[in-house]
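Here are my notes after a look through this one.

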Amino acid sequence: MKAGPSQEEIRRHNLSTVLRHVHIGGPASRTVLAERMGVNRSTVLGLVSELTAAGLVREELPRDTGRAGRPSLVVRPEPARAYVLAFDIGVDRLTAARIGLGGLFLDRREIPWPGAGPQRPGDVADALTESARQMLAATPPGSHCVGVGVAVRGIVRHPDGLVRFAPNLGWTEEDFGAQLAGRLGLSVPVTIGNEANVAALAEHLRGAGAGCRNVVYLHGDIGIGAGVIADGQLLRGDEGYGGEVGHMIVNPHGGRSCGCGATGCLEAEAGARALLDAARRGGRTPGYATVRAVVAAADRGDVVAAAALRGVGDWLGIGVANLVNLFNPGTVIFGGVLRDVFLGSAAQVRSRINTTALRASRENLRLRVCALGDSAVLIGAAELAFSESLDNPLEVLARLDGQRALGE
């Protein structure tokens, strides 16, 4: 007969559960935590006391309750004690952040981008490392970096993070995580993820998909990617390549050429390059600024820009309708540059969904723009980086405290 979990395993699990609740859900009283976990208040008291002693949470009065009488203390995450480094490797920009428990941004930096076109992985790793050193130099005594998360626009293998193919960066079979880890010199995990997957995770936990167990998040940059949340879990596929919906064929006959080598892919028909070409701005670099300029021009009455948005919105709607039929999500979220594309072409997108998707699959569908805006990818990368420390918070901190003591 298989033995059940030991008391120590139960304690470790419960410590992780309490910390996850306040990290994701925000401040909560002991009573609420006990109800969520299905344990008694004395158990929660002991767990909170351990986490407080480690400096991971604190108890204080709630702010602006609006109720008479003495309110109960709430447990809050302590963001300064344990934090992660999060990096977003975009096609036209690099962004870095130091993010504490509870998802609080402690520092954020835009890193000068060397220019358009392929980028050498070593150069990108050097730029991220320099930014990391600047952020680490500003951290208070007693705080620890517990992980590093990196989002890449490309096909990323799970769980080792090998970047198999990132055409807009010019990368093939790059072990970027090892290159970055070697430069950073930190004794913490460096986790690499696809940008759409990590942004989907962020929107599901903290944004427009919170409370919905089945979500499709579409992220637009130069290309289009997707993260699929199925029954509350990120759908990765066999080796982590799930969600590459940008390479779903929507126009096989006479479609535009795609960077993957095929023609008529969703990102070729509905991506930023397609929009700029249709708006007669094909010589400009695809990105947030140029896409928003087209949407703004359409709002001002520019007929060429308006027609471009309608055309791209039609292809986008076809792609979404296919995803609705495949996954039956409760919510579809548009992020990255697709946020602006959707806002400018919502009528076309909805029309295509209504005429193409199965009625049973679309009748309760919600279409939303991302709530976390340009921070979604960084927040998702941070959640990857927090994973180990949330599983074993006290053990991770004890190890890092010990390493610091040996280094002093």
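1. Start at the end of helix 1: the residue that follows is glycine 26, and its phi is positive, near 90 degrees. Keep in mind that this is a predicted model.

2. Helix 1 itself covers residues 7-25. Its 19 residues should span 27 Å at 1.5 Å a residue, and the end C-alpha atoms sit 26 Å apart, so the length agrees with expectation. Several of its residues are buried, including Asn14, Leu15, Ser16 and Thr17. Val18, Leu19, Val22 and His23 of helix 1 are buried too.

3. What does leucine 205 touch, leaving aside residues up to four places away in sequence? The list is Ile24, Ala210 and Glu383. Leucine 205 belongs to helix 6, and 180 residues of sequence separate it from glycine 25, yet the two C-alpha atoms are 8.5 Å apart. Is leucine 205 buried, exposed or partly exposed? Its relative accessibility is 28%, so it counts as partly exposed.

4. Now the backbone. Most residues other than glycine have a negative phi, and most peptide bonds are trans. Against that, have a look at glutamate 173, whose phi is positive, near 50 degrees. It is found in strand 10, residues 171-174, and at 41% relative accessibility it counts as partly exposed.

5. Aspartate 231 also has a positive phi, near 50 degrees, and is not a glycine. Where is aspartate 231 found? Look in the loop between strand 13 (224-230) and strand 14 (233-234).

6. There's a cis peptide bond to check: it joins histidine 158 and proline 159, with omega about 10 degrees. Proline 159 lies in the loop that runs between strand 8 (155-156) and strand 9 (163-166).

7. Glycine 38 and arginine 359 are 321 residues apart in sequence, with 39 Å between their C-alpha atoms.

8. On the whole fold: the protein has 14 helices and 16 strands. A compact globule of 408 residues would have a radius of gyration near 22 Å, and the value here is 23 Å, so the two agree. The C-alpha trace spans about 65 × 50 × 50 Å along its principal axes. As for contacts, take those between residues at least 6 apart in sequence: 65% of them join residues at least 24 apart.

9. Last, burial, surface and charge. Of the 408 residues, 50% count as buried. The protein exposes about 17,900 Å², and carbon and sulfur atoms supply 50% of that area. There are 43 positive and 41 negative charges, and their mean positions are 6 Å apart.

Conventions. Residues are numbered from 1 along each chain as its sequence is written. This is a predicted model: local features need pLDDT of at least 70, side-chain atom pairs count only at pLDDT 80 or more; totals for chains, interfaces and linings use all residues. Side-chain values use heavy atoms; hydrogens and water are left out. Helices (H or I, at least four residues) and strands (E, at least two) are DSSP runs, numbered from the N terminus. The radius of gyration is taken over C-alpha atoms; the globule rule is 2.2 Å times the number of residues to the power 0.38. Buried means under 20% relative accessible area, exposed over 50%, partly exposed in between (1.4 Å probe, protein chains only). Contact means heavy atoms within 4.5 Å. Accessible areas come from the Shrake-Rupley method with a 1.4 Å probe; for residues, only the protein chains shown count as cover. Lys and Arg count as positive and Asp and Glu as negative; His and the chain ends are not counted. The place of a charge is taken as NZ of Lys, CZ of Arg, CG of Asp or CD of Glu. The expected span of a helix is 1.5 Å times one less than its number of residues.
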